[in-house]
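The following paragraphs lead the reader through a structure, from whole-chain properties to individual residues. Please keep the sequence and the coordinates at hand while reading.

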Amino acid sequence: MNVMLRKALAGMLIGVLASTPALAAPAKGISDNVVKIGVLTDMSGVYSAIGGKGTLTAVEMAVADFGGTVLGKPIQVVSADHQNKADIASTKAREWFDTGKVDMVTGLLNSACALAVQKIGADKKRITMNTGAGSTDLTNKDCTPYGIHYAYDNYALANVAGSAIVSHGGKSWYFITADYAFGHSLEKNTSNFVQKLGGKVVGSVRHPLSTADFSSYLLQAQSSGAKVIGLANAGGDFTNAVKQAREFGIVQKGQTIAGMLVFDTDVKSLGLNTAQGMQFASGFYWDRDKASRDWSKRFYAKHKAMPTMDQAGAYSATMNYLKAIKAAGTDDPDAVMAKLRSMNISDFFAVNGKIRADGRMVHDMYLMEVKKPSESKGEWDILKIIKTVPGDQAFMPLSESVCSQVKK
Amino acid sequence: MNRTLWLVLLVAGLAAPFVIYPVFVMELLCFALFACAFNLLLGYSGLLSFGHAAFFGGAAYVTGYLVKNAGLTPELGVLAGTLFAGALGFVFGSLAIRRQGIYFAMITLALAQIIYFVAIKAPFTGGEDGLQDIPRGRLLGMLDLDHVYHLWGKTLELNLYYFVFALFCIGFWLVHRTIHSPFGQVLKAIRENEPRAVSLGYKVERFKLIAFVISASLAGMAGSAKALVFQLASLTDVNWHTSGEVVLMTLLGGLGTVLGPLAGAFTVVTLHSKLSAIGSWVTVVIGAIFVICVLAFRRGFVGELGRLLKRSL
């Protein structure tokens, strides 16, 4: 065994010494002769209706609409299911960057996964365009030179919807919060706005991601006596909580349920009867104008559901990424990031869009209200836009950002 | 055992990162070490612990936290994680070995769930987010484990790989030594017939406890290494699924064989990685394989191979 050990050690030393580091040549043009886009999102869990296969479909549509090639090189799309686990997300992203030649990752629903992947992207110098996750840490203490937060964030949601609810008299709040990065950040942001406008937060309770039974949380919220029960969760958790609140008769007894992050598909699954009158913020609605309607109908033909903010955002992010490569003449991440930051982003998804130094894509946000069943004219005619909030008022001002990329 | 076989395995281990994606090989090694540690307990002492994830994940958190927040060098981080797992193993073991069979398994499971709960609730673990962005640091303050070599168009993290490989070799050698020592013989005797071992004058409980602590420490070493490789310690590591997975690896590969846990870990990790496209269906596929294995070849891959070759592997 001693001989073995000695041999092992010698082998290890040789292995380390023999491999001299060679510098990677600076890439011009397209690296690896292919532009590869990775869609990493929840394909099977509580968030699969918001993102999932629909996000992949949207990205594939963007690639097809762009023509399938950029600067004469093919564009490929790969996808994976992170199952809402940060370790699976980071393993997959690492593998994609190291061996899969993936140049950009989009989707990234779930803030825990998003934070993990954005950091790996920065280590490996690859761009991440986040359309799914909400945590404001992505563009604050955990911001990176290669991370873009594209569709929305918790600050904007809380700002647009929280303020509207408080000004309608919802002065005391109780939170039911998903117990991970996203929920914590959403609760904190909303609490800040509630308190700033003279409201107060009487308490909060945290539930694990993907909870089936909300009864004990709802009873606590009910007995708190708060006027507004804020749901700082999303997707399947949000719809479950609302359905069960209805069974407890919480709304009939005078408390308001406020979903802080609501997607079209959630309203659809609750039905207008349950959800009517609910107000929330969104960065996208399919029926906003002609351009969004046209695109959404094409998406509907493929996916059999109208696009959510995440899915539409993934199309827009991919399209603008490819445009930036074309304009820069290379897929070198630094050049592409510089191009993306200098571009004005205006398409069916974003109005007056601009990517800031902290990675935040600032664009107009909307205060939405769920229609009454009598107002709805079709299966997907479910929301109306109450108010448009310009991007620079909706999102956190750059002066408040603690991102290290922001020069002050 | 045959010297040539060992040499072939060693060379394969040294050459692997040049052929296969290094991070994947490191994951294999971490789980192989975890399974080897588990096999020491189940295969050689006959104790079925259902709480080994607590040692694996607990050590990952401890290493991650100390390396990230206290600025410990990686080897000290791994050492701290291993010691923590050993201490935890002592506590678990002292309580659990008072009972046998299913009660033993349930006590270990219950204690492991307490650790899981702590990992969810304690502020330093990051809850559902996990402990992210753990730095790999410099080995002995000198060798940068994050260094990436660009050779033949590949990105190779060789420094980290050989560090993890060395950890694996140490762990594996320790298990091997334990099994083939007089101490290991006593463990086997206890496994085969505990009353008889007692009547021969052995303090059975003390032997079981020592085996439990060694197994827990090495499981912790595997967890610490994994935390450095993935720069992440998450709830998955302490979840009871992980405890189940390691049972599966050991049984698939071959209970009570030296190489069995390796083969089992390689199979399960590879399946998880290759089948990740089908998402949660992986569990169904692995479950089916497990059923087939238990029905058709109960000794596991390596166990059956050993029977064919008429030698112990």
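A residue is called buried if 20 or more other C-beta atoms lie within 10 Å of its own, exposed if 12 or fewer do, and partly exposed in between, with C-beta atoms placed from the backbone. This is a predicted model, in which local features need pLDDT of at least 70 and side-chain atom pairs count only at pLDDT 80 or more, whereas totals for chains, interfaces and linings use all residues. Residues are numbered from 1 along each chain as its sequence is written, and chains are lettered from A and ligands numbered from 1 in the order in which they are written.

Chain A contains 14 helices and 15 strands; helices (H or I, at least four residues) and strands (E, at least two) are DSSP runs, numbered from the N terminus. The radius of gyration is taken over C-alpha atoms, and the globule rule is 2.2 Å times the number of residues to the power 0.38. For 408 residues, a compact globule would have a radius of gyration near 22 Å, and the 23 Å of chain A agrees with this. Along the principal axes, the C-alpha atoms of chain A fill a box of roughly 75 × 60 × 45 Å. Of the 408 residues in chain A, 56% are buried. Two residues are in contact if their C-beta atoms, placed from the backbone, lie within 7 Å. Among the contacts in chain A with a separation of 6 or more, 72% are between residues 24 or more positions apart.

The sheets of chain A come next. Strands of a sheet pair through backbone hydrogen bonds, either parallel or antiparallel; here two strands are taken to pair if DSSP finds at least two bridges between them. One open sheet of chain A has six strands in the order 2-3-1-4-5-6, with mixed pairing. Strand 2 (69-70) and strand 6 (147-149) of chain A stand at its edges, each with a single partner strand, so one side of each has no neighbour in the sheet. Strand 2 of chain A is joined to strand 3 (residues 73-81) of chain A by two bridges in the antiparallel sense, and A:Thr69 stands opposite A:Pro74. Helix 12 (residues 309-328) of chain A lies across strands 1 (35-41), 2, 3, 4 (104-107) and 5 (127-130) of chain A and runs at about 160° to strand 4 of chain A. Such angles run from 0 to 180 degrees between N-to-C directions, with axes being lines fitted to C-alpha atoms, for helices over the stretch in contact.

A second open sheet of chain A has three strands in the order 11-14-15, with antiparallel pairing. Its edge strands are strand 11 and strand 15 (383-389) of chain A, each of which pairs on one side only. From one strand to the next, the twist averages 30°. In a regular strand the side chains alternate between the two faces of the sheet. In strand 11 (residues 279-282) of chain A, A:Gln279 and A:Ala281 point one way and A:Phe280 and A:Ser282 the other, and all are buried. Four bridges pair strand 11 of chain A with strand 14 (residues 365-370) of chain A in the antiparallel sense. Across this pairing, A:Gln279 stands opposite A:Glu369, and A:Phe280 has A:Met368 as its bridge partner. Helix 5 (residues 154-167) of chain A lies across strands 11, 14 and 15 of chain A, at about 155° to strand 11 of chain A.

Elsewhere in chain A, strand 7 (residues 172-178) has six of its seven residues buried. Strand 7 of chain A runs parallel to strand 8 (residues 200-207) of chain A, and seven bridges join them. The bridge partner of A:Phe175 in strand 8 of chain A is A:Ser204.

In chain B, helix 4 (residues 74-96) and helix 9 (residues 204-230) pack at an angle of about 145°, their axes 7 Å apart. B:Leu41, in helix 2 (residues 22-45) of chain B, is buried, with 26 other C-beta atoms within 10 Å. Beyond its neighbours within four places in sequence, B:Leu41 is in contact with residues including B:Ala211, B:Phe212 and B:Ser215. B:Leu41 and B:Ser215 are 174 residues apart in sequence, yet their C-alpha atoms are 6.4 Å apart.

Finally, two residues have a positive phi although neither is a glycine: A:Lys101, at about 60°, and B:Gln231, at about 55°. A:Lys101 lies in the loop between helix 3 (86-99) and strand 4 of chain A and counts as partly exposed because it has 16 C-beta neighbours inside 10 Å. B:Gln231 lies in the loop between helix 9 and strand 6 (232-233) of chain B and is buried, with 22 other C-beta atoms within 10 Å.
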